[in-house]
Amino acid sequence: MTGTAKAAGAEFQKIYGMDVVEIPTNRALRRRDRQDVLYRTKEEKLEAVCGTVARCADRGRPVLVGTASVSDSEELSRRLTERDIPHNVLNAKHHEQEAAIVAKAGRAGAVTIATDMAGRGTDIKLDDAAAAMGGLLVIGTERHDSRRVDDQLRGRSGRQGDPGESRFYLSLEDDLLRLFGHKRMNAIFDALGVSEGQGVGNANLAKAVERAQRRLGSDHFAMRTRLMQYDQVINEQRELIYSQRRQVLEAQNVHELIQRMLQGTKDGQKALAVLEAGDSSPPEEWQRKNLLGAVDRRWMDHIDSLEQLQESVGLVAYGQRSPVDEYRQIAARLFERMNEEIRQDVASAILAYRCTDT
């Protein structure tokens, strides 16, 4: 149960087969979500954020500033320190302490800088003075790849019907906008005649940001889906190899199990002759141990091969073939080869035992 699952409803359904149901809030939402403000440069954006924080600090209104990285939180902290603005910096390094600090972020005069993970799951409660000033102001210093993460940041304000406000400050130098839509947005800035240091809250720019998020989110979704399909192949093979190990561990007569394995393999007839040699054949603690050792060694090598395959199989997309289908086919051949190698290892170990015993 989460307050932001709705934004990822399609992914929950496709990957996990789970529907997302939206439950009405316990109390009516009073938080005001302001339109994003966009600046040309990161420098202009950070100065604008510091200016807003300074004005709130003068009034005593609590502010929570969300950053996407530790380095960003430290840079913002440096700027606030230069302005003599007392504040707390949380970057998920000391979870228990940070939860206590976040819980107090709604008190009048509190200024808190937090990365995405810092203090998550902690309810922020307002005191009366903070509520009278409009509640907690949440500032986002950039849009994330996923709008769901943005919603999580917004959701730190306006809990349980409390007053609150949120706003994102962006720049054309942010990773998301630099990758998607930078030229188009620059053209809009030029058309509007935006001067240095001036921020723009524009519906067209807001839509461009949403499109960039949707595009990047779609790319990440496709990547996660592909990785899940790769993992499914590995899990299927893992179940098979674990089943083989259980057979070895639980077999009452491992001698018969090995005899069945070696039928038709290279050196298999020679190894079978050793097993049937009576007193000179290897004991069953030895046969079981060597068979398990062969399975474990070859399985670990196989996992390494599959990891290398994942890294290289994407190239087949250039030939208009499905990387997942190609991965599945090659992985199946590698699995068969692994089983052949296990059988050969066992046969070789038995033949070596005969030589040692002699």
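Tutor: Helices here are DSSP runs of H or I with at least four residues, strands are runs of E with at least two, and both are numbered from the N terminus. The structure is a predicted model, in which local features need pLDDT of at least 70 and side-chain atom pairs count only at pLDDT 80 or more, whereas totals for chains, interfaces and linings use all residues. Residues are numbered from 1 along each chain as its sequence is written, and side-chain values use heavy atoms, with hydrogens and water left out.

Student: How far apart should the end C-alpha atoms of helix α3 be, and how far apart are they?

Tutor: The expected span of a helix is 1.5 Å times one less than its number of residues. Helix α3 has 13 residues (70-82) and should therefore span 18 Å; the end C-alpha atoms are 19 Å apart, in agreement with that value.

Student: Which residues of α3 are buried?

Tutor: Buried means under 20% relative accessible area, exposed means over 50%, and partly exposed lies in between, with a 1.4 Å probe and protein chains only. In α3, the residues Asp72, Ser73, Leu76, Ser77, Arg79 and Leu80 are buried. They cover an arc of only 165° around the axis, which puts them on the same side of α3; the arc is taken from the directions between the helix axis and the C-beta atoms. An α-helix has 3.6 residues a turn, so residues three or four places apart point the same way.

Student: What covers the buried residues of α3?

Tutor: The cover includes helix α2 (42-59) and the strands β3 (63-67), β4 (88-90) and β5 (111-115). Contact means heavy atoms within 4.5 Å. Apart from neighbours within four places in sequence, Asp72 is in contact with Lys42, Thr67 and Glu142.

Student: What is the volume of the second largest pocket?

Tutor: Rolling a probe the size of a water molecule over the atoms shows where empty space is left. On a 1 Å grid over the protein atoms alone, a pocket is an open set of points where a 1.4 Å probe fits, with protein on both sides within 12 Å along at least five of seven lines; lining residues have an atom within 4 Å of a point. Points are joined across faces, edges and corners, and the volume is the space filled by probe spheres set on them. The second largest pocket has a volume of about 600 Å³. Of its 20 lining residues, Ala8, Glu11, Ser146, Arg148 and Arg224 are the closest to its centre.

Student: Which helix gives the most to the lining of the second largest pocket?

Tutor: Helix α9 does, with eight residues. α1 (9-16), α6 (147-154) and α9 (203-250) each supply at least two residues of this lining.

Student: Where is Met228 found?

Tutor: Met228 is in helix α9 and is partly exposed, with a relative accessible area of 30%. The C-alpha atoms of Met228 and Ile15 are separated by 8.1 Å, although the two residues are 213 residues apart along the chain.
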